[in-house]
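Morning, everyone. Please take a moment with the sequence and the model before I start talking.

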Amino acid sequence: MFRSGNFIKRLAVNSIPVSRNSRSLGNAGQLRRTLGFRSFSEATSKPRTSNLAGYFVGAALVVAAGLLADNQGLISLRPTSAFSTSKSKQYASHEEVQMAISELRESFPEKGYVSTEPDALKTFGSSTNSYHPASPHSVVVQVRSTEDVVKVVNIARKYRIPIVAYSGATSLEGHYSGVETGSICLDMSAMDQILEIHENDGDLVCQSGARWEDINRVLKDKGIPLFFPLDPGPGATIGGMIGTGCSGTNAVRYGTARAEWFLNVTVVLANGKVIKTRRRARKSAVGFDSTKLFIGAEGTLGIVTEATLRLAPLVPTKVAMAQFPDVEHAVNAVQEILNAPDGAHIRTDSSIKQTAATVKGIFKKHGSERFEFAATQEQADEMWENRKYALMSTLSSGGDGTRVWTTDVCVPVSKLPELAYETKKDLVASGLQSTIVGHVGDGNFHALIKFHDDKELPKVSEAVHRLVHRALALDGTCTGEHGVGVGKKEYLIEELGENTVEFMHTIKEALDPLNIMNPGKLYPEGKHVGKDHK
Ligand SMILES: Cc1cc2nc3c(=O)[nH]c(=O)nc-3n(C[C@H](O)[C@H](O)[C@H](O)COP(=O)(O)OP(=O)(O)OC[C@H]3O[C@@H](n4cnc5c(N)ncnc54)[C@H](O)[C@@H]3O)c2cc1C
């Protein structure tokens, strides 16, 4: 199944990546049929039939290059011993959890807010897209406002019950799994309102459960020539995107969640206090950037309830697909284009036409055997959707009962061919079939490894482990965009060094001394021997 040389190349990256049929790929999709979202299973059971789909099903490498309130005293700033936050704190007993549930029911008497229905507890506490151990939650509370979140956090803190935010449920590393001793799932998905649009200022204020696709659709429907460029999995929400420090196919041009796309966030801290990290001004030099503290924090430092998003101007977009004899040729071609004066910043229709010719020339020079330019917007949308739905194509290609472990690493771009070759060799030697997709302009690499039953799981897990070590040996990272969750935390010390991880723990301990905010994710546990950063 592993065929080298199929690439998708997006020119003048900037889309409104609005799919006409929005599909939520996480568990949330299964629970939100009332909102008109197709569920994961519906989406996967209908394989895409475009003439281009064949290039994506089992393709060796599809590269999206993107030229294309009280208890205030709980906050303590004392220095902490290494990795102590992950030590088991004294969490609530079963009886105390039941008392907390009663208190939640009293606080939210309206129907539909508090659920202890077993299916919901399991669905909200585990992901169909990850295979890390997970426990069901004890209770799911659907919140509608910052005040609701404060109420839940205060009850969680009073009884010392872990609290786990759940939004689009598209994360892939066990990020929102329940906690064995009992946990409160904070369902943020109903906090999906756009609160203000400031067209002249190029920004927008929304609740954290708003989906990036819906935001872009609303802007388009209103005729506002702006969009939000971060584009992770279909169905992902702003809160989850901040939580995972996401990026996507547009990153090569617009950067990642770590850049300046979040002007301000409203956060409920573990002590129940509400903070806003900034105001709406584009720039601010008021101290260090506390917004960034919450980006990639995976709900372990606070719950984001609102965000002010910076928007980008819409520019014309074109999509093309090119095929190369091997990964190295493709990487070199993309790098030559990205290092050109216009690089990823091609702006107008006429410049796109000119640049398309240049790109075609560069691709040819680097051995491209096929270059297909989308003639219409429909063709472009279809080509691009094929890339976005590579997971579904992979699932469909494996027949009934196929499961897929999706993993993500990132290396310096020049190392991508080596990573791809070695990984391909390893997967073949392990007898595993996989689709490999990536973002060649960023050196970001995903393997979508197919398997059929639990017996095969250890083999897959070991292949993922070797892939991560391969990436780290190439001066890369264990995750380019999907985040750490449960699945990648064991690599943090090797990647960052003990001192950096201890620094992260110090911040966690200061903000959440009871370790109630999404425990068991992100921070490695125990005392590990690792090497410090070079
Ligand atoms: C098909 C597919 C394609 C994907 N492609 C990409 C891609 O290109 N790029 C990419 O980066 N990712 C990608 N992903 C992964 C996923 O879409 C991202 O990780 C996304 O950012 C998760 O958002 P979410 O709303 O689904 O978050 P969730 O899965 O609901 O939560 C993610 C984490 O954030 C925390 N969290 C959620 N809401 C809040 C909040 N309000 N406050 C604080 N913490 C919160 C949760 O507790 C959890 O730890 C893909 C996933 C799929 C299934």
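First, the ground rules. This is a predicted model, where local features need pLDDT of at least 70, side-chain atom pairs count only at pLDDT 80 or more, and totals for chains, interfaces and linings use all residues. Residues are numbered from 1 along each chain as its sequence is written. Helices (H or I, at least four residues) and strands (E, at least two) are DSSP runs, numbered from the N terminus.

Start at the ligand. How many residues surround the ligand? The count is 38, and the closest are Gly168, Gly233, Gly239, Gly240 and Gly243. Being near means that the C-beta atom, placed from the backbone, lies within 6 Å. By class, this shell has 15 nonpolar, 20 polar and three charged residues. Here Ala, Val, Leu, Ile, Met, Phe, Trp, Tyr, Cys and Pro count as nonpolar, Asp, Glu, Lys and Arg as charged, and the others, Gly among them, as polar. Which element gives the most to the shell? That is α7, with five residues. β5 (163-166), α7 (238-244) and β12 (303-310) each supply at least two.

Now the sheet that holds β5. Its four strands run in the order β3-β4-β6-β5, an open sheet with mixed pairing. β3 (114-115) and β5 are the edges, each with a single partner strand, so one side of each has no neighbour in the sheet. Helix α5, residues 146-159, packs on this sheet and touches β4, β5 and β6 (184-187). Contact means C-beta atoms, placed from the backbone, within 7 Å. The direction of α5 makes about 170° with that of β6. Axes are lines fitted to C-alpha atoms, for helices over the stretch in contact, and angles run from 0 to 180 degrees between N-to-C directions. β3 pairs with β4, residues 139-142, in the antiparallel sense over two bridges. Pairing takes at least two DSSP bridges between two strands. Ser115 has Val140 of β4 as its bridge partner.

On to the sheet that holds β12. This one is open too, with five strands in the order β7-β8-β12-β10-β11 and antiparallel pairing. The twist averages 10° from one strand to the next. β7 (residues 194-198) and β8 (residues 203-207) pair over four bridges. They form a hairpin with four residues between them, and Gly202 in the turn has a positive phi of about 65°. Glu196 has Val205 in β8 as its bridge partner. On to β12: β8 pairs with it over five bridges, in the antiparallel sense. There, Gln207 has Glu306 as its bridge partner.

Last, the helices. α14 (residues 416-429) and α15 (residues 457-473) have axes that come within 11 Å and cross at roughly 160°. Angles over 145 degrees count as roughly antiparallel, and α14 and α15 are therefore roughly antiparallel to each other. Their contact includes Leu419 and Glu422 of α14, and Ala463 and Arg466 of α15. The contact residues divide into five nonpolar, one polar and four charged.

α14 also packs with α10 (residues 327-338), at about 160° with axes 9 Å apart. Val327, Glu328 and Val331 in α10 meet Leu416, Pro417, Ala420 and Tyr421 in α14. That contact has six nonpolar, no polar and one charged residue.

Terms used. Contact = placed C-beta atoms within 7 Å. Parallel < 35°, antiparallel > 145°, perpendicular 65-115°, else oblique.
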